[in-house]
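Below is a set of questions and answers on one protein chain. Look over the sequence and the structure before reading on.

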Amino acid sequence: MNYEINEQSVTNKGKVTCNKNILLSIINLATKEISGVSSLCDNFGSGIKKIFSNNYTNGVKIDYGNNGIDVDVFINVLYGYSVPDIAYKVQENIKNGLSSMLDVKIHVQGVDFSEKVD
């Protein structure tokens with residue numbers, strides 16, 4: 001199935017309508033729900049991407065391809081948490097929130113030392 005922003009796409013399997021703001025909201029909430037995530041963050045060059053692409057917003061990049069939607073999420077992880085565990089939990093939470101129509105990649109941009117986990 002093809003997924004396109006604000007358009008209905010017709011395939012032999014039916015019609016699908018996706019709204020970018022709904023996707024971003026679900027991704028944002030699903031990411032912030034995971035204990036150990038400090039914040040969503042912008043990656044290097046994101047300022048340029050924001051200007052020239054409407055598929056990038058505040059730590060989340062959405063690409064629409066022939067096989068579905070690809071999502072890249074850029075996060076900071078709190079110090080004391082397992083980075084692979086947090087990345088996996090975020091990925092699964094986003095996938096669960098958006099069903100199985102996504103391929104989600106998590107990019108940990110840094111570790112936040114402001115709080116220590118007991």
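Q: In which strand does Asn76 lie?
A: The model is predicted, so local features need pLDDT of at least 70 and side-chain atom pairs count only at pLDDT 80 or more, while totals for chains, interfaces and linings use all residues. Residues are numbered from 1 along each chain as its sequence is written, and side-chain values use heavy atoms, with hydrogens and water left out. Helices (H or I, at least four residues) and strands (E, at least two) are DSSP runs, numbered from the N terminus. On that numbering, Asn76 lies in strand β6.

Q: The backbone nitrogen of which residue lies 3.1 Å from a polar atom of the side chain of Asn76?
A: Contact means heavy atoms within 4.5 Å. Not counting residues up to four places away in sequence, Asn76 touches Gly36, Val37, Ser38, Ser39, Cys41, Gln109 and Gly110. Of Asn76 and Gly36, one can say that they are 40 residues apart in sequence and 8.8 Å apart in space, C-alpha to C-alpha. The backbone nitrogen at 3.1 Å from the Asn76 side chain belongs to Gly110.

Q: With the side chain of which residue does the side chain of Asp72 make a polar contact?
A: Asp72 lies in strand β6, residues 68-78, and is in contact with Gly59, Val60, Lys61, Asp63, Lys105 and His107, leaving aside neighbours within four places in sequence. A polar contact is a pair of N or O atoms within 3.5 Å; within protein, one must be able to donate a hydrogen and the other to accept it, and residues adjacent in sequence count only if both atoms are side-chain atoms. At 2.8 Å, the partner of the Asp72 side chain is the side chain of His107.

Q: Is Asp72 buried or exposed?
A: Buried means under 20% relative accessible area, exposed over 50%, and partly exposed in between (1.4 Å probe, protein chains only). Asp72 has a relative accessible area of 9%, so the class is buried.

Q: How many residues apart along the chain are Cys41 and Gly59?
A: Cys41 is found in the loop between β3 (37-40) and α2 (46-52), and at 12% relative accessibility Cys41 counts as buried. The C-alpha atoms of Cys41 and Gly59 are separated by 4.6 Å, and along the chain the two residues are apart by 18 residues.

Q: What is the relative accessible area of Ile27?
A: Ile27 is found in helix α1. Leaving aside neighbours within four places in sequence, Ile27 is in contact with Val60, Ile62, Val71, Val73, Ile94 and Leu98. Ile27 and Val60 are 33 residues apart in sequence and 7.9 Å apart in space, C-alpha to C-alpha. Ile27 is buried, and its relative accessible area is 0%.

Q: Why is α1 called oblique to α3?
A: The axes of α1 (residues 20-32) and α3 (residues 83-97) come within 8 Å and cross at roughly 140 degrees. Because of that angle, α1 is oblique to α3. Axes are lines fitted to C-alpha atoms, for helices over the stretch in contact, and angles run from 0 to 180 degrees between N-to-C directions. Angles under 35 degrees count as roughly parallel, over 145 as roughly antiparallel, 65 to 115 as roughly perpendicular, and the rest as oblique.

Q: Which residues of α3 make the contact with α1?
A: On the α1 side, the contact is made by Ile26, Ile27, Ala30 and Thr31. On the α3 side, the residues are Val90, Asn93, Ile94 and Gly97.

Q: Is Asp118 buried or exposed?
A: Asp118 lies in the segment after β7 (102-112). The C-alpha atoms of Asp118 and Gly80, 38 residues apart along the chain, are separated by 8.3 Å. At 97% relative accessibility, Asp118 counts as exposed.
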